[in-house]
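Morning, everyone. Please look at the structure on the screen, and I'll walk you through it.

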Amino acid sequence: MNTIAQNIAQIRTQIPQNINLVCVSKFHSQEAILEAYNCGERLFGESRVQELLLKYNDLPKDIQWHFIGHLQRNKVRQIVPFVSLIHSVDSVELLDEINRCAAKNNRVVKVLLQVHIAQEEHKFGFSPEELKVFCNNYKAQEYPYVTISGLMGMATFTDDTEQIKREFSSLSRLFSEIQSSKVFCEETFKDLSMGMSDDFPLAIENGSTIVRVGSAIFGVRC
Ligand SMILES: *Cc1c(COP(=O)(O)O)cnc(C)c1O
């Protein structure tokens, strides 16, 4: 079995310089995170609030924590003071709550809108149609404490690479459409978070700017 350092070295060869690697450390120990940290990694992704709070408290303060899981509204205030990017905004109500908590912290929080692109019921996110409605109604002045900096999506869990490719390219197209519509600030609406351990090279080919890689770095989750 490879070490975390070996895994990272291998994965880094497949990721161009201008693309961000989020090391998805959910369910993995602080020791494992430090091993990746000591390789120079600074972006870590977590999907549960309690686990994130413990790790944030104990680990080096120059880590940038990304929240990637489904976020309940009543937990937003716990992560808003320090979170670096929330990938998983899947409703207007959640965005409202982030804006409200961020205002209280006098901090602008960066977020991505999660889009449901997979052919699976259980994945969260706006449908492409819902996203278009949201964009049409969006008023930047209603959200002074959030920066909407792009989109996030997860492909279907399948071996069918053609299907994954179709899903990534459809998200990429949607991203470009929204970008050129200029609904969101051009300087900041720049990120497309897609690609995980099994499909990140395909995601990069299709325009991803942030990949979220867990098991390929840390091994299978316990
Ligand atoms: C767990 C998770 C990942 C990482 O998945 P791997 O297959 O282990 O790389 C990426 N994105 C999200 C949203 C996740 O929940």
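**Strands, then ligand**

Start with strand β2, residues 43-46, and strand β3, residues 64-67: they pair in the parallel sense over four bridges. Pairing here needs at least two bridges found by DSSP. Helices (H or I, at least four residues) and strands (E, at least two) are DSSP runs, numbered from the N terminus. From β2 the chain crosses through helix α3, residues 49-58, to β3, and this β-α-β crossover is right-handed. That is, with the strands pointing away from the viewer, the path from the first strand over the helix to the second runs clockwise. Phe44 stands opposite Trp65 in β3.

A word on the source. This is a predicted model: local features need pLDDT of at least 70, side-chain atom pairs count only at pLDDT 80 or more, and totals for chains, interfaces and linings use all residues. Residues are numbered from 1 along each chain as its sequence is written, and side-chain values use heavy atoms, with hydrogens and water left out.

Back to β3. Two bridges join β3 to strand β4, residues 85-89, and the two run parallel. Phe67 has Ile86 in β4 as its bridge partner.

Now the ligand. Which residues are around it? Among them are Val24, Lys26, Ile68, Met152 and Arg221, each with a heavy atom within 4 Å.

Next, polar contacts, pairs of N or O atoms within 3.5 Å. A side-chain N or O atom of Ser197 is 2.5 Å from a ligand oxygen. For Arg212, a polar side-chain atom lies 2.8 Å from a ligand nitrogen.

Key
Polar contact = N/O pair within 3.5 Å; in protein donor to acceptor, adjacent residues only side chain to side chain.
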